[in-house]
Amino acid sequence: MRLILACLFVAAAYADQKCQPDGAGVRSLNGKRCASTTRYADYHRGSCGCGPKNSDTPWDWNLGKLTTAPSQKFFDYGGMSGWCGTNCGHCVKLTATGGWIDGEGGPGANAGDTHIFMVTNDCPYGGNEKWCEIHNVPGHADKNSFGYEVHFDLQNAHGQVDAMNWNNPEVVWEEVPCTGEFSGLYNMCEC
């Protein structure tokens, strides 16, 4: 009886995550790659230099549009650069799974809720170990503390992520072209 109760408790503790670990422990959903998310408010121009040169002041769009600081190995695609990573100015489509990490987020984002984010900053290991300490690029089974190969820290300086009702949702992700509201914006960045 105790074993059954223990198994039910473990299952309940992870029931909020829709993405399930594969044989290597990396989370995916219906064959799609999953990622963890958090929110941050940073009033600097970021690791892609999206603000006036010789200043740490960001362009207003870098604070108010949907921008992200992905984990280091995604930001610089395998490198360790904290400045001008190879994915600066690239866009990712994040789609909420309807799940979240228990104790780290909560209900809010509906499954299928999709938004495009531009990479304008990075989430370095230091100070972000449980989320961003991932030592290899996606596809190599290296993952953060929660089983995700990539983490996206979402800029929320103007409350734009809160307005979407996203409370650190679990997402599936894919790289996509930057179009629409992002067209041409990255040309203003230093990198």
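**Cavity, cores and ring pairs**

Modeller: In this predicted model, the largest cavity has a volume of about 30 Å³. A search of the whole structure turns up one cavity of 30 Å³ or more.

Colleague: Which residues line the largest cavity?

Modeller: Tyr40, Asp42, His44, Arg45, Gly46, Asn62, Thr67, Thr120, Asn121 and Gln155. By type, that lining splits into one nonpolar, seven polar and two charged residues. Asp and Arg count as charged, so Asp42 and Arg45 are the charged two.

Colleague: OK, on to the cores. How many residues does the largest nonpolar core have, and which have the most contacts inside it?

Modeller: There are 29 residues in it, with Leu94, Phe117, Phe152 and Trp166 having the most contacts inside. At least two core residues come from each of α3, β5, β6, β7 and β8, and β5 gives the largest share, four residues. A second, separate core has nine residues, among them Cys34, Ile101, Trp131 and Tyr148.

Colleague: What makes Phe152 count as buried?

Modeller: Buried means under 20% relative accessible area, and Phe152 sits at 0%, so it qualifies. Beyond its neighbours within four places in sequence, Phe152 is in contact with residues including Ala35, Thr68, Pro70, Phe74, Leu94 and Trp173.

Colleague: And how many aromatic pairs does the search of the whole structure find?

Modeller: Five.

Colleague: Why is the pair of Phe74 and Phe152 called edge-to-face?

Modeller: Two checks. Centres must lie within 6.5 Å, and planes over 60 degrees apart count as edge-to-face. Here the centres are 5.6 Å apart and the planes are at 75°, so the pair passes both. Phe74 is in helix α3 and Phe152 in strand β7, so the pair ties together parts 78 residues apart in sequence. Phe74 has a relative accessible area of 2%, so Phe74 is buried too. Along with Trp173, Phe74 and Phe152 form one aromatic cluster.

Colleague: Are Phe117 and Trp166 buried or exposed?

Modeller: The cut-off for buried is under 20%. Phe117 has 0% relative accessibility, so Phe117 counts as buried; Trp166 has 1%, so Trp166 is buried as well.

Technical notes. Residues numbered from 1 in each chain as written. Predicted model: local features only at pLDDT ≥ 70, side-chain atom pairs only at ≥ 80, totals over all residues. Heavy atoms only, no water. Core = buried A, V, L, I, M, F, W, Y, C linked by side-chain atoms within 4.5 Å. Buried < 20%, exposed > 50% of the residue type's maximum accessible area, 1.4 Å probe, protein only. Contact = heavy atoms within 4.5 Å. 1 Å grid on protein atoms, 1.4 Å probe; cavity = no way out; pocket = protein on both sides within 12 Å on 5 of 7 lines; lining within 4 Å. Points joined across faces, edges and corners; volume = space filled by probe spheres on them. Phe/Tyr/Trp six-rings, centres within 6.5 Å; stacked < 30°, edge-to-face > 60°.
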